[in-house]
Amino acid sequence: MIRRRTATTVLLTAPLFAAGVQPLAQAHPAHQEHPAQHQVHHQRPETYVVSTTPGDTPEGIEVTRDGTIYVTSVGSGAVYRGTVRNPNLKPFLPAGSDGRTTATGVHVDHWGRVLVAGASTSKLYMYDNRGRLLAIRPAAEGSFLNDFTFTQDAVYVTDSAHNQIWRATLTKDGLGRLKPWLTRDKIQPTPYFLNGIVTDGHTLLVGEQGQDVTYSINLRTKAVTTLEITGANGILSGDGYLLEGHRLYAVYNAGGGKYVTRLALLNRDWTKAQVLADSMPGATNATPTTIARDGHRLLWVNSQLDAAPGIPPYTVSVVPGLN
């Protein structure tokens, strides 16, 4: 999700495959494929146009199993929707509607409802799939709600301003109130910019971009550790994350146009991760922020935040050299 540079960010350019690592399809023959990976992708676009409106900087992405794409605008708060079979997305939620003047994370929950993180509006929004507002849940004033992830009965949200995690109950009946779940003083090393977040229902993995670490947080005990990383100079943090079994994909933002999607393999108890490969870098000033899967392909958002507000058209494209 949206990030800022810090003095501690490390510039790292890595090859497509780490030294001594086999190509991905051969390295883990026992890996269970993502349910959507058997889809046929004849003539699917390599690039999708999200918006041609100046300043409508995109940021978050979701791709559902039926191939619906949602993309948020951090510049205006608009949410766009389309399909993986069509290169052009259309407005789903207008800019500024419901007080949502900026937006970052977007995900569809277990019941098909669309949740949107309102960034500096300090609110979490819930809509049905027709765009009708179902709920608005405010966090504390001055919060920056960035990204979020679901368990079976809750949503956990990163706050990049207060560097804490919010939680709300989430059931078929609706969305509960946002409450502080883990505050900054309970997280070590002390976070300076919490961002991407994913879960398997037992553990949260949370990216901290100020120090380039990934926290592993036990959902039952709230115990916090940092992943021990091998490969890539020990660096694994994420603007956007995608978790598939023990495979963790992270959009790593090194600054200066050097953006890659990093693939790491988690160990059984999620205390360690081995970086297996990096994608090819994103285009200069494209500033990829978040990723989602479409079958055999990974898609990332070209936010242009390094050159904000950027130049239309704003796009989503296939992550180069990694799946």
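Visitor: What kind of model is it, and how are residues numbered?
Guide: It is a predicted model: local features need pLDDT of at least 70, side-chain atom pairs count only at pLDDT 80 or more, and totals for chains, interfaces and linings use all residues. Residues are numbered from 1 along each chain as its sequence is written, and side-chain values use heavy atoms, with hydrogens and water left out.

Visitor: Fine. How many helices and strands does the protein have?
Guide: There is 1 helix, and there are 26 strands. Both are DSSP runs numbered from the N terminus: helices are H or I with at least four residues, strands are E with at least two.

Visitor: How much of the protein is buried?
Guide: Of its 323 residues, 56% count as buried. Buried means under 20% relative accessible area, exposed over 50%, and partly exposed in between, with a 1.4 Å probe and protein chains only.

Visitor: And the surface?
Guide: The accessible surface comes to about 13,400 Å². Carbon and sulfur atoms hold 51% of that. The areas come from the Shrake-Rupley method with a 1.4 Å probe; for residues, only the protein chains shown count as cover.

Visitor: What share of contacts is between residues 24 or more positions apart?
Guide: Such pairs make up 51% of the contacts with a separation of 6 or more. A contact means heavy atoms within 4.5 Å.

Visitor: On to the core. Which residues of the largest nonpolar core touch the most other members?
Guide: Leu124, Leu145, Phe148, Val155, Val157, Leu175 and Leu178, out of 16 residues. S7, S8, S10 (145-150), S11 (154-159) and S12 (164-171) each supply at least two residues of this core. The term covers buried Ala, Val, Leu, Ile, Met, Phe, Trp, Tyr and Cys residues joined through side-chain atoms within 4.5 Å.

Visitor: What does Leu175 touch?
Guide: Leaving out residues up to four places away in sequence, its partners include Leu115, Leu124, Met126 and Val155. Arg137 and Thr169 are among them too.

Visitor: Charges next. How many salt bridges does the structure hold?
Guide: It holds 7. A salt bridge is a side-chain nitrogen of Lys or Arg within 4 Å of a carboxyl oxygen of Asp or Glu.

Visitor: How far apart are the closest N and O atoms of Glu244 and Arg293?
Guide: They are 2.4 Å apart, in a salt bridge. Glu244 lies in S20 (241-244) and Arg293 in S24 (288-294), so the pair ties together parts that are 49 residues apart in sequence. Glu244 is buried at 7% relative accessible area, and Arg293 is buried at 6%.

Visitor: Which side chain of opposite charge is nearest to Glu62?
Guide: Arg65, 9.6 Å away. Glu62 is buried and has no salt bridge. Here Lys and Arg count as positive, Asp and Glu as negative; His and the chain ends are not counted.

Visitor: So what surrounds Glu62?
Guide: Glu62 lies in S2 (58-63). A polar atom of its side chain lies 2.8 Å from the backbone nitrogen of Val108. Glu62 also touches residues including Thr68, Tyr70, His107 and Ala292.

Visitor: Backbone now. Which peptide bond that ends at Pro309 is cis?
Guide: The one from Ala308, with omega near 5°. Pro309 sits in the loop between S25 (297-302) and S26 (314-318). The Pro312 to Pro313 bond is cis as well, with omega near 5°. Pro313 is in the loop between S25 and S26.

Visitor: Why flag these?
Guide: Because most peptide bonds are trans, and most residues other than glycine have a negative phi.

Visitor: Where is Asp98 found?
Guide: Asp98 is in the loop between S5 (90-93) and S6 (106-108). Its phi is positive, near 60°. Asp98 is partly exposed, at 35% relative accessibility.

Visitor: And Ala119, buried or exposed?
Guide: Ala119 is buried, at 0%. Its phi is near 50°, also positive. Ala119 is in the loop between S7 (114-117) and S8 (123-127).

Notes: Polar contact = N/O pair within 3.5 Å; in protein donor to acceptor, adjacent residues only side chain to side chain.
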